[in-house]
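Hi,

Here is the structure I promised to pass on to you. Have a look at it first, and then read my notes below.

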Amino acid sequence: MPWNDITLNDGRSIPSIGFGTWKMGNGDAPISQVDQAISVGFSHIDTAQAYRNEAEAGTAIRDSGLERKEIFITTKYSGLDGLDIKTSINNSLENLGVEYVDLYLIHHPRLATPDIPTAWREMEDIHAQGLVKSIGVSNFEVADLAILLASAKVKPVVNQILLHPYVYARQLPILEFSKANKIVIEAYSSLIPITSLPNGPVDAPVQSIAARLGVSMDQVLLAWTKAKGAVVLTTSRKKERLLGYLDAGDIELTPEDITSIDVAGARGPPKWYNYHGWGQAALVGAALVIGGVTMGMRMGVGFGFGCYVG
């Protein structure tokens with residue numbers, strides 16, 4: 001099946017594959033890369049305050065000549081410069097050059113200050129004002145979602161998280177909780193097993209499936225992520241890879257294919273990962289800087305180095 005839109009719990013829909021702008025920096029690079037992604041068929045652009053390239057993404061979107069309704073724009077509240085949510089969304093809208101964004105996320109639960117319920121009420125306020133069409137979260141754990149839902153008047157439509165075979169078992173409770181509460185999962189860094197952690201247990205089943213289907217390993221991993229019901233966020237500077245990512249929407253894995261990748265992923269990353277000091281301790285203590293705030297991340301995000309991180 002192709003990359004069909006997914007219906008959100010607020011009745012709106014989201015393209016099931018998106019182009020991410022993390023690590024592109026600013027200047028001409030993100031403009032040309034977003035422009036290229038749109039030109040080959042991506043209609044979902046994902047950015048954030050912390051990436052500092054909202055203006056460049058907005059330039060590429062305007063230069064595409066497409067109507068505003070033809071592009072789904074996601075950005076995130078990253079606590080940049082210590083600004084509050086309302087000020088931040090207005091700054092993002094100005095940077096992007098649009099009157100609204102389709103999806104606005106709290107980038108991490110630690111940015112939900114002074115607490116999650118208060119921050120979520122601010123998200124609900126900007127939603128009611130029409131500045132954002134849908135609201136959601138990123139990197140939230142089950143406990144964080146439970147706190148949010150206990151007082152929310154508007155449910156988050158998505159939770160954007162790290163998802164690839166080596167963290168699937170770790171993330172399964174989040175996937176199950178989100179499904180039970182009709183919160184769509186957005187997956188970032190799904191290609192890590194081949195881009196940053198090659199020669200591990202996942203390689204064998206992915207290579208075998210790719211050879212049988214006559215496709216590439218990255219396409220198999222995107223098809224695996226899609227099979228988990230997630231919106232896929234990915235990126236590349238190369239046009240041919242972007243075209244391949246779009247083609248991956250037509251790949252149908254068998255239940256046996258999916259299980260073989262799940263089982264291999266549960267065995268953990270390649271041994272050299274631990275040999276280089278990137279073992280479990282690094283996973284628990286990994287840090288990500290968002291909006292000038294360094295935050296200790298929970299196990300799983302440590303696998304995000306070198307790839308797209310939401």
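The charged end of Lys 226 is placed over the ring of Trp 3, at 5.3 Å from the ring's centre. A charge sits over a ring if NZ of Lys or CZ of Arg is within 6 Å of the ring centre and within 35 degrees of the ring normal. Lys 133 also lies over a ring face, that of Tyr 100, 4.7 Å from the ring centre.

Before you read on: this is a predicted model, in which local features need pLDDT of at least 70 and side-chain atom pairs count only at pLDDT 80 or more, while totals for chains, interfaces and linings use all residues. Residues are numbered from 1 along each chain as its sequence is written, and side-chain values use heavy atoms, with hydrogens and water left out.

Next, the aromatic rings. The structure holds two aromatic pairs; rings of Phe, Tyr and Trp (its six-membered ring) pair if their centres lie within 6.5 Å, and planes under 30 degrees apart count as stacked, over 60 as edge-to-face and the rest as tilted. Phe 19 and Phe 42 have ring centres 5.9 Å apart and planes at 65 degrees, so they form an edge-to-face pair. Phe 19 belongs to strand β3 (residues 17-20) and Phe 42 to the loop between α1 (28-40) and β4 (44-46), so the pair ties together parts 23 residues apart in sequence. Helices (H or I, at least four residues) and strands (E, at least two) are DSSP runs, numbered from the N terminus.

Phe 19 is buried, at 0% relative accessible area, and Phe 42 is buried too, at 2%. Buried means under 20% relative accessible area, exposed over 50%, and partly exposed in between (1.4 Å probe, protein chains only).

In the other pair, Tyr 168 and Trp 224 have ring centres 5.6 Å apart and planes at 80 degrees, so this pair is edge-to-face. Tyr 168 in helix α6 (residues 168-180) and Trp 224 in helix α9 (residues 217-227) are 56 residues apart. Tyr 168 is buried at 15% relative accessibility, and Trp 224 is buried at 0%.

Phe 42 comes back in the largest nonpolar core, which has 73 residues; Phe 42, Val 101 and Tyr 104 have the most contacts inside it. Such a core is a set of buried Ala, Val, Leu, Ile, Met, Phe, Trp, Tyr and Cys residues joined through side-chain atoms within 4.5 Å.

Enjoy exploring!
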